[in-house]
Amino acid sequence: MSEAETRGASHRLHEQLEAITELLARLAEAPAPLEQAELQQLLDALHPADIAFVLEALPLDQRLAVWQRVKAERDGEILLEVSDAVRESLIADMDQGEILAAVEPLDADELADLVEDLPTEVLPELMASLDAQQRERVQSALSWEDDQVGALMDFEMVTIREDVSLETVLRYLRRFDELPAQTDKLFVINQDNVLTGVLPLHWLLLNPPEKMVSEVMAPDVNTFHPADDAYEVAQAFERYDLVTAPVVDDAGRLIGRITVDAMVDVIREESESEALSRVGLREEEDIFAPVWASLRNRWSWLAINLVTAFVASRVIGLFEGSIQRLVALATLMPIVAGIGGNSGNQTITMIVRALALNQITPDSARRLWRKELAVSLFNGLIWGGVIGIVAWMLYGNVALGLVMTAAMTLNLLLAAFAGVGIPMLMMKFGRDPALGSSVMITAMTDSGGFFIFLGLATLFLM
């Protein structure tokens, strides 16, 4: 899909959301059969992912009104698409029979995604309704952590033997009503279910039918294990432009496959998680969540921020006499702190991303520190010089301009040192390097910037 087509689809979706919101408002005032039919027609025409978008964009009362109008056979697909927070509110509105009817048609890997969000009283009946193979697959997926490949792998795949001809493979494929989604290759196994190679579909079509699979197949170098980290596998999918890849156990037996759509979800969730962690949010939040739920999600890092802000205020208090004697200090010091915070956030964002991509080693960390300090030194001298000249012109004080330049340079160096050091230290202690990084770097550059600027002003201007 081109960029123009993507923009067009997004625009249409927003138009549909506005139409649904307007219909819901009119129905809330006075229910009318014509408008109810129009709303139902709109919802029936939407893709499950688009309905998920609509549900996430509506307040709880309107969300539930739409949810109750969605056809029951689509409930499971939509529950898979919505965010965890919104899914919780939808499931809370369903009775046990509705939940079972929604999730029973789903594949084993999809069921595993939902099981943790389902009420515990539903689980025994759900597991009892599955056949032995499905039950085994669900239990297998649940035995792995959420961030491991085993929790995300798909069990629907096409396997063939290497000792048959391509013509036999073609006849075999014609027996399927449809191939599993994202099938770009067939997995070649031996009699012990050990993966021996892969046969891309275009190779199957382009080679003479009398050729044997063993002559055409290729060993798959992109083979993963269920214990592999899902984000690292997602990076491999991006790097090698993969659509599917086999998942094997320690003995090389084929146990499932991983698909590009699952990896796109992993990349998106990792990106969202990193953005939330940077500002200290513990989890994804429903934008229409109750006040108390949002409060619980946000309070901890705000409390830490309050402490750091208090420390910054006490730093200013130490130099109260200097500020009273030279009022210009009060107007200039926010510039030093603000530029330092921005520079620090640039550095920390780059380092957190590099850590997520496993691009930093102990040796390269030292080089990164030197490089970031050098960049900050030059930025400090250039932009500190600019603001120093401005301060000199505004207040007619050359010494004040020099202090401004020195303070800016030193605070940018502090920002670079902390911007590399904070995520590296978090990583060393086994914590998420993005967790609260924005809060911590701002605290350091605020307190440090105030101390450096006011300290230099006290030494050289008083």
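In β5, Arg-257 is the bridge partner of Pro-246. The model is predicted: local features need pLDDT of at least 70, side-chain atom pairs count only at pLDDT 80 or more, and totals for chains, interfaces and linings use all residues. Residues are numbered from 1 along each chain as its sequence is written, and side-chain values use heavy atoms, with hydrogens and water left out. Helices (H or I, at least four residues) and strands (E, at least two) are DSSP runs numbered from the N terminus, and two strands pair if DSSP finds at least two bridges between them.

**Hairpin β4-β5**
- Strand β4 (residues 244-248) is joined to β5 (residues 254-259) by 5 bridges, and the two run antiparallel.
- The two strands form a hairpin with 5 residues between them, and Gly-252 in the turn has a positive phi of about 85°.
- In β4, 5 of 5 residues are buried (under 20% relative accessible area, with exposed over 50% and partly exposed in between; 1.4 Å probe, protein chains only).
- Thr-244, Pro-246 and Val-248 point one way from β4, while Ala-245 and Val-247 point the other way.

**Sheet β1-β2-β3**
- An open sheet with mixed pairing is formed by 3 strands in the order β1-β2-β3.
- β1 (159-161) and β3 (195-200) stand at the edges with a single partner strand each, so one side of each has no neighbour in the sheet.
- Neighbouring strands of this sheet are turned by 35° against each other on average, direction ignored (axes are lines fitted to C-alpha atoms, for helices over the stretch in contact, and angles run from 0 to 180 degrees between N-to-C directions).
- β1 and β2 (residues 185-189) run parallel and are joined by 3 bridges; Thr-159 stands opposite Phe-187 in β2.
- Helix α11 (residues 166-173) lies across β1, β2 and β3 and runs at about 150° to β1.

**Ile-189**
- Ile-189 lies in strand β2 and is buried, with a relative accessible area of 10%.
- Ile-189 and Ile-160 are 29 residues apart in sequence, and their C-alpha atoms are 6.3 Å apart in space.
- Leaving aside neighbours within four places in sequence, Ile-189 is in contact (heavy atoms within 4.5 Å) with residues including Thr-159, Ile-160, Val-194, Leu-195 and Leu-254.

**Asp-154**
- Asp-154 lies in the loop between α10 (132-142) and β1 and is buried, with a relative accessible area of 12%.
- The side chain of Asp-154 reaches the backbone nitrogen of Glu-156 at 2.9 Å.
- Leaving aside neighbours within four places in sequence, Asp-154 is in contact with Asp-109, Gly-256, Arg-257 and Thr-259.

**Helix α3**
- In α3 (residues 48-56), the buried residues are Pro-48, Ile-51, Ala-52, Val-54 and Leu-55.
- Seen down the axis of α3, these residues fall within an arc of 160°, so they line one face of the helix (the arc is that of the directions from the helix axis to the C-beta atoms).

**Record annotations**
- An unreviewed UniProt entry lists "domain: CBS" at residues 217-273; UniProt positions are in the numbering used here, feature names are shortened, and annotations may be inferred rather than shown by experiment.
- The span 217-273 is 44% helix and 19% strand, with its end C-alpha atoms 39 Å apart.
- The unreviewed UniProt entry places the feature "transmembrane region" at residues 299-319, 373-395, 401-427 and 439-461.
- Residues 373-395 are 100% helix and 0% strand, with end C-alpha atoms 31 Å apart.
- Residues 439-461 are 100% helix and 0% strand, with end C-alpha atoms 32 Å apart.

Terms used: A polar contact is a pair of N or O atoms within 3.5 Å; within protein, one must be able to donate a hydrogen and the other to accept it, and residues adjacent in sequence count only if both atoms are side-chain atoms.
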